[in-house]
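The model comes first, then the details.

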Amino acid sequence: MTTTKQKLSDQKGYVWCDGKLIDCQDANVHVLSHSLHYGSGVFEGVRAYKTKAGPAIFRLADHTRRLLNSAKVANISVSFDQEQLETAQLEVIMANKFDNAYIRPLIVLDDTALGIDTSNHGVQVFIAGFPWGAYLGEDGLEKGIKVGVSSYRRINPNSSMCHAKICGNYINSVLAKREAINNGFAEALLLDAEGYVAEGTGENIFLVRDNRLITPPAENILDGITRQTIITLARDQGIEVNICRISRDDLYAADEAFFTGTAAEVTPITVIDHRTIGDGKRGLVTKKLQDEYFACVYGRNVNYNHWLTWPQTQQKQLA
């Protein structure tokens, strides 16, 4: 007997679309949408976490600012401002009664015409959400994952806008991810055009050497919001952070390694290209930062509550 895999579009609930909440099943774009054919849209990945005071969105302002900046970089005019889009994301959380959830703001071009020119296209803005656990697996958060260096190179500033979350850019990640899975790895690691370590398909990377953090510079990667968070948490814990180029041999000789990202959170890496990293287990520095990160996003460390945004009704309770 075969079973039909449930699709995200099958879920009950609400999606915010151009200023109002609509049924999830009605949140559609036309088959001739420009963004579907050419990847001419932008998006964000945001998480909400269940805290003692109710669900809160982590670094909402930063994610929303990056969404609007991505739209500006892609030359897409958005009729909603930062405050409206932040409020909309909170509305999606409350309307769907989410606790822990992943939020996907998406800005796309409509079906005005085909062809590369986007100057006359209308713009649609969607904000969807759904419950989502550990992106790279619950076991991965504790036991770590196996990673393979991809044969694909990360897109660079000579070929696209590498700091914006533009939909079409992610075919680079899709191809690398598929290759990694086919080769028996959980995730891929991409190098830049010069052969230095860039990032995962949807994650930034950190190494640990002699209790110091090492991460690539932001010039040719997406400067992830979780990456920025971990750098701040590490420095607040007195951990030295070195931002510098990383070679492949640096990878293999690392004491510890881990990925960061809104979806991936803080996921240890225990194997790269069939080489065991450290002792093949989640390292002490990785665990310390992982614990700090989850204490932060779940509201257990009040020192970082400025990174959390609760719906207005809950904000009043916290006041």
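## The β9–β10 hairpin

Strands β9 and β10 form a hairpin with five residues between them. In the turn, Gly195 has a positive phi of about 90 degrees. β9 covers residues 187-191 and β10 residues 197-200; the two run antiparallel, joined by three bridges. Strands (E, at least two residues) and helices (H or I, at least four) are DSSP runs numbered from the N terminus. Pairing needs at least two DSSP bridges.

## Basis

This is a predicted model: local features need pLDDT of at least 70, side-chain atom pairs count only at pLDDT 80 or more, and totals for chains, interfaces and linings use all residues. Residues are numbered from 1 along each chain as its sequence is written, and side-chain values use heavy atoms, without hydrogens and water.

## Largest pocket

The largest pocket has a volume of about 890 Å³. A pocket is an open set of points on a 1 Å grid over the protein atoms alone, where a 1.4 Å probe fits, with protein on both sides within 12 Å along at least five of seven lines; lining residues have an atom within 4 Å of a point. Volume is the space filled by probe spheres set on the points.

Its lining counts 25 residues, with Leu8, Arg104, Leu106, Ala128 and Phe130 nearest the centre. α1 (34-38), β6 (101-109) and β7 (123-130) each give two or more. β6 gives the most, four.

## Second largest pocket

The second largest pocket holds about 650 Å³. Among its 36 lining residues, Lys165, Tyr170, Thr201, Gly202 and Glu203 are closest to the centre. α5 gives the most, four residues.
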